[in-house]
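Trainee: I would like to go through this structure with you. Could you take me through it step by step?
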Amino acid sequence: MISLSSSLLTYQPLGARGERRYEVRYRDASGRNRSPTFSVHKDAQAFKLDVERRRQAGTPYRAPPERFGEVSQAWLERFVIGAAGRVRPRPKTVRVAEDCLRYLAPLNDLAIERIRRPLVEDLLAGVAGHAPRRAEMAFSLLKRILKAAEDRGDRSTAIYGIRIARADEREPRFLTWEEADELRSWTPEYVSRIVPVAILTMLRRGEILGLRDRDIDFATGSIAAFSQRQEGRQVQTKTRAGRRTVDVGPQAQASTRAAAHARPATADGYLFPSPSGAPFDGDNFFARVFKPAAGHAGMPELTSTTSDTPARR
């Protein structure tokens with residue numbers, strides 16, 4: 001780290017999770033702290049010497065204004081490696097951030113200090129007209145990026161008071177058992193029991209698609225929900241509280257036994273594999289199996305989360 005003040009100048013390399021970066025800290029003419037970072041040591045040294053030369057010459061150094069596109073991209077790079085938060089984000093979380101940045105793209109060519117409240121309000125209002133939840137998420141991301149820029153010495157404007165109308169929460173769709181059976185009848189035979197098993201166990205989509213023979217104990221009538229399919233991999237559930245044992249009754253046991261006999265051959269023992277015997281990808285299952293079945297059953301508004309599909313007897 002390179003620190004520059006009127007009386008002190010020191011240098012020390014700064015490591016960031018497998019990569020080496022160098023930071024120059026100095027105080028500009030307005031008294032604000034600045035701290036641009038460099039991935040190359042020579043670039044940091046050259047910048048430091050330039051700042052020092054200008055100060056000694058009596059000319060206050062003014063860093064060129066950083067544009068939002070540059071700042072947001074630098075933030076995203078730090079976010080991906082876990083340097084912009086407490087933990088390294090999951091790939092799906094990174095994709096959501098990238099998607100939100102696309103909504104903020106009209107701000108890319110603006111200097112940080114020129115991002116004004118009316119401009120942001122108009123931009124988010126346009127997004128909220130067709131994607132209200134994405135507008136909330138994009139605004140949250142914008143505030144996070146600007147706050148990080150402020151902490152690193154950039155000047156930004158006060159946009160934090162903007163309020164976005166919350167999207168109306170969708171009422172849960174409860175199915176009767178007859179509706180659940182109708183939905184099941186429209187799914188392919190090899191996965192048709194996934195509907196009653198999901199309803200009777202309340203397993204999440206990733207958990208039920210990751211369900212394997214070793215997770216089912218027919219002797220005690222229980223299912224171990226300790227892992228799930230996510231991003232094409234078998235991973236542990238997110239939290240310890242999510243790792244649990246689900247006690248099931250005779251009907252759920254009968255459905256799991258029938259599913260085991262109807263499924264394609266599967267080397268890893270997945271209860272609801274794809275036609276090739278490989279584990280199902282959650283998005284593919286939703287798009288190719290569940291959504292068409294829901295449409296044929298006259299319930300196109302359903303999603304594949306368990307909150308939408310518990311049956312009411």
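Mentor: Let us begin with one residue of this predicted model. Ser-255 counts as buried, because its relative accessibility is 11% and the cut-off for buried is under 20%.

Trainee: Where is Ser-255 found?

Mentor: Ser-255 lies in helix H9, which covers residues 250-262.

Trainee: And which residues does Ser-255 touch, not counting those up to four places away in sequence?

Mentor: Ser-255 touches Arg-193, Pro-196 and Val-197.

Trainee: Changing topic: how many aromatic pairs does a search of the whole structure find?

Mentor: The search finds 3 aromatic pairs. One of them is formed by Trp-75 and Phe-79, with ring centres 4.8 Å apart and planes at 10°.

Trainee: Why is the pair of Trp-75 and Phe-79 described as stacked?

Mentor: The planes of Trp-75 and Phe-79 are at 10°, and planes under 30 degrees apart count as stacked.

Trainee: How are Trp-75 and Phe-79 placed in helix H2?

Mentor: Helix H2 spans residues 68-80, and Trp-75 and Phe-79 are 4 residues apart in it, so about one helical turn separates them.

Trainee: Are Trp-75 and Phe-79 buried or exposed?

Mentor: Both Trp-75 and Phe-79 are buried. Phe-280 and Phe-285 form another aromatic pair, and this one is edge-to-face, with 5.4 Å from centre to centre and 75° between the planes.

Trainee: What is the relative accessibility of Phe-280, and what is the relative accessible area of Phe-285?

Mentor: Phe-280 has 8% relative accessibility and therefore counts as buried. Phe-285 has a relative accessible area of 4%, so Phe-285 is buried as well.

Trainee: Back to H2. At what angle do the axes of H2 and helix H5 cross?

Mentor: The axes of H2 and H5, the latter covering residues 132-151, cross at roughly 95° and come within 10 Å. The two helices are therefore roughly perpendicular to each other.

Trainee: Which residues make the contact?

Mentor: On the H2 side, Phe-68, Val-71, Ser-72, Trp-75, Arg-78 and Phe-79 take part. H5 contributes Leu-141, Leu-142, Arg-144, Ile-145, Leu-146, Ala-148 and Ala-149.

Trainee: How does the contact of H2 with H5 divide by class?

Mentor: The contact has 10 nonpolar residues, 1 polar residue and 2 charged residues.

Trainee: Finally, the whole chain: how many helices and strands does the chain have?

Mentor: There are 10 helices and 13 strands in the chain. Of its 313 residues, 41% count as buried. The accessible surface of the chain comes to about 17900 Å², and 50% of that belongs to carbon and sulfur atoms.

Methods
Residues numbered from 1 in each chain as written. Predicted model: local features only at pLDDT ≥ 70, side-chain atom pairs only at ≥ 80, totals over all residues. Heavy atoms only, no water. Phe/Tyr/Trp six-rings, centres within 6.5 Å; stacked < 30°, edge-to-face > 60°. Buried < 20%, exposed > 50% of the residue type's maximum accessible area, 1.4 Å probe, protein only. Axes fitted to C-alpha atoms, helices over the stretch in contact; angles between N-to-C directions. Parallel < 35°, antiparallel > 145°, perpendicular 65-115°, else oblique. Contact = heavy atoms within 4.5 Å. Nonpolar A, V, L, I, M, F, W, Y, C, P; charged D, E, K, R; others polar. Areas by Shrake-Rupley, 256 points an atom, 1.4 Å probe, with all protein chains shown as cover.
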